[in-house]
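Here's a quick tour of a two-chain model for you. Have a look at the sequence and the 3D view, then work through the notes below.

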Amino acid sequence: MSFSAALPDQAAPTRTWRNRLLPYGLLTPAVVVTVVIVFLPMIEAVVTSLYAFVLFRPNAARFVGLDNYMKLIQDPVFWITLKHTAIWIGLTVPLQMGLGLIAALILNREFPWRGLARALVIIPWALPSVVIALMWRWIYDANTGVLNEILLRLSIIQSAIPWLADPDKALYAVVVTLTWQGFPFFAVMILAGLQGIPKSRYEAASIDGASAWRQFRHVTLPGIAGVLATAGLLRIIWVANSIDVIFVMTGGGPGYATQTLPLYAFIKARQNLDFGYGTTIAVMFTVLLGVVVAIYIARMSREVER
Amino acid sequence: MIGKPTLTRRILTTDLPALGVILLAIGPFMWMLMTSFTPQGRLAALGVAISPANWSFENYVRLVSRTSFLGNMGHSFIVAAGTTALGLFVSVTAAYAFSRFRFAGRRILMMQFLLVNMFPVVLLILPLFVMMRRFGLLDTHAALIIANATVAIPFSVWMLTSYINAIPRSLDEAAMTDGCSRMQALKRVILPLAMPGIVSTGIYIFITAWNEYLYALTLGGRNVRTVTVAIQTLIGEYQIEWGLLSAGGVVGALPATILFLIAQRRLIGGLTQGAVKG
């Protein structure tokens, strides 16, 4: 009706507009940077996989459609490395989780130097992968490695075993190393979960006369089930992706004995500079891993709505 | 008071198993530490010296005098510090937006950052190499900082969001009633309060970037060679000098390990929060 009333009315929409746009403005730097350094390269990867593209002959690159993928499923090495990837994940993650659970249950008890112990147990997690890989190569060394020495002294083996040079043992030797690297992650996660279980539940269980095993089975395990699932999913993705330790320990050898699918992609591109085919393997691996990632994302997605 | 029988019992059921876990966790690193203190001649003839009486700094002296290890540490430092700065700079405002606003597309955008963190390195490393080559960025610090940021940004967005979530909203509102704008509230009220979280996120990014190997190997080169790549080149052509290599491993691992031990309490708090709630 009057001019004086119209002014604040006009001012208010501008302010709400600005307020509505503000979060997008705040997000712009992070989103733009991720689009440029992650999503564009990823699209480029998918495009590259449709080309026959060898790095030192960029002019000879030509569009081949799905040929690379057809070649891939007929490639016997693809199936070998896929099998290794399954063994790799199937052994490493449960071993890490089991060892982490045992470590967490022990470190959750009361003792004077508990703080120190909890700090020290994480050390494998903080070490660079290269250092871990070289350290274990030294431990596994066929001639002077300490593992052979210990096993020989205990008469468990009769002659030194070339752990990383034996095609039948190399993959398992690397699994042991990765188990060592990753168990502290589980230990720490599970410890946090254990602390979230109310003491009263244990008291109630022991009043009911539940044995230690039954308490573990019916109080502890349900209490940490959520943590185990989340940490397990995260770890499957992480272990599947981790190629640096294997690369430094064995380079995928002997032969293809320790090559997993992502390592095969990396080596194919690095040694033969065959970026077209290497990227195809990487895309295929990403698609396969995508199933696990989707489960994890769906799980986390429920969280953020709050 | 703890009686004697219970003390023995505690040692048997708790201290000893705990000691076992700790030995398992740090044993291999201790072995490398002892190897690095064993002089080369003795290592070849008698093996690793267990007793400190036979230890010397010979390998460390050789490492510093005969290789470019200190220079490599410098490159690692530039890359790790650059990644930390870039990662934190773009993430703080994003985390504030996720924590304080409910807007269309919030969930999708948050999931996008989570998804990015799951992308296999091997999928990104090949196109990043091609792109860096196109822009002439290969073998520069910028290349490694950008590559490391692919992991650092999504990670720190998530970490900082959970840290800022823990700061009561009423504080922003109070500041705004007192005449601050949104941005001023962020800068004067939230940033100082979130500082411990920002510092520990920064430390984590620094450690990850310092320890990173595949990008450094692929996108670095003769000019920019980080510690992790340099350690590998310590492997001789004909035989491996384990003493020298161990010394390199210990020195290369030291900065990250010390940072981790300093910040571990807060870091673990932040890292486990998500998993415990989930």
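**Chain A and its UniProt spans**

Let's start in chain A: residues 119-139 are 81% helix and 0% strand, with their end C-alpha atoms 24 Å apart. Helices here are DSSP runs of H or I with at least four residues, strands are runs of E with at least two, and both are numbered from the N terminus. Keep in mind that this is a predicted model, where local features need pLDDT of at least 70 and side-chain atom pairs count only at pLDDT 80 or more, while totals for chains, interfaces and linings use all residues. Residues are numbered from 1 along each chain as its sequence is written, and chains are lettered from A and ligands numbered from 1 in the order in which they are written.

- UniProt (unreviewed entry) lists "transmembrane region" in chain A at residues 21-43, 86-107, 119-139, 170-194, 219-240 and 275-298. UniProt positions use the numbering used here, feature names are shortened, and annotations may be inferred rather than shown by experiment.
- Residues 86-107 of chain A are 100% helix and 0% strand, and their end C-alpha atoms lie 31 Å apart.
- The unreviewed UniProt entry also puts "domain: ABC transmembrane type-1" at residues 82-298 of chain A. That stretch of chain A is 75% helix and 0% strand, with 25 Å between its end C-alpha atoms.

**Chain B's UniProt spans**

- For chain B, UniProt (unreviewed entry) gives "transmembrane region" at several spans, including residues 12-34 and 189-210.
- Residues 12-34 of chain B are 100% helix and 0% strand, with end C-alpha atoms 29 Å apart.
- Residues 189-210 of chain B are also 100% helix and 0% strand, and here the end C-alpha atoms lie 31 Å apart.

**Where the chains meet**

- The contact takes 77 residues from chain A and 72 from chain B; two residues are in contact if their C-beta atoms, placed from the backbone, lie within 7 Å.
- On chain B's side, the largest share is 15 residues, from H12(B).

**Zooming in on B:Val116**

- Where does B:Val116 lie? You'll find B:Val116 in helix H5 (residues 106-118) of chain B.
- B:Val116 counts as buried because 21 other C-beta atoms lie within 10 Å. The cut-offs, with C-beta atoms placed from the backbone, are 20 or more within 10 Å for buried, 12 or fewer for exposed, and partly exposed in between.
- B:Val116 touches A:Thr34, A:Val38 and B:Pro154, not counting residues up to four places away in sequence.
- B:Val116 and B:Pro154 sit 38 residues apart in sequence, with 6.7 Å from C-alpha to C-alpha.
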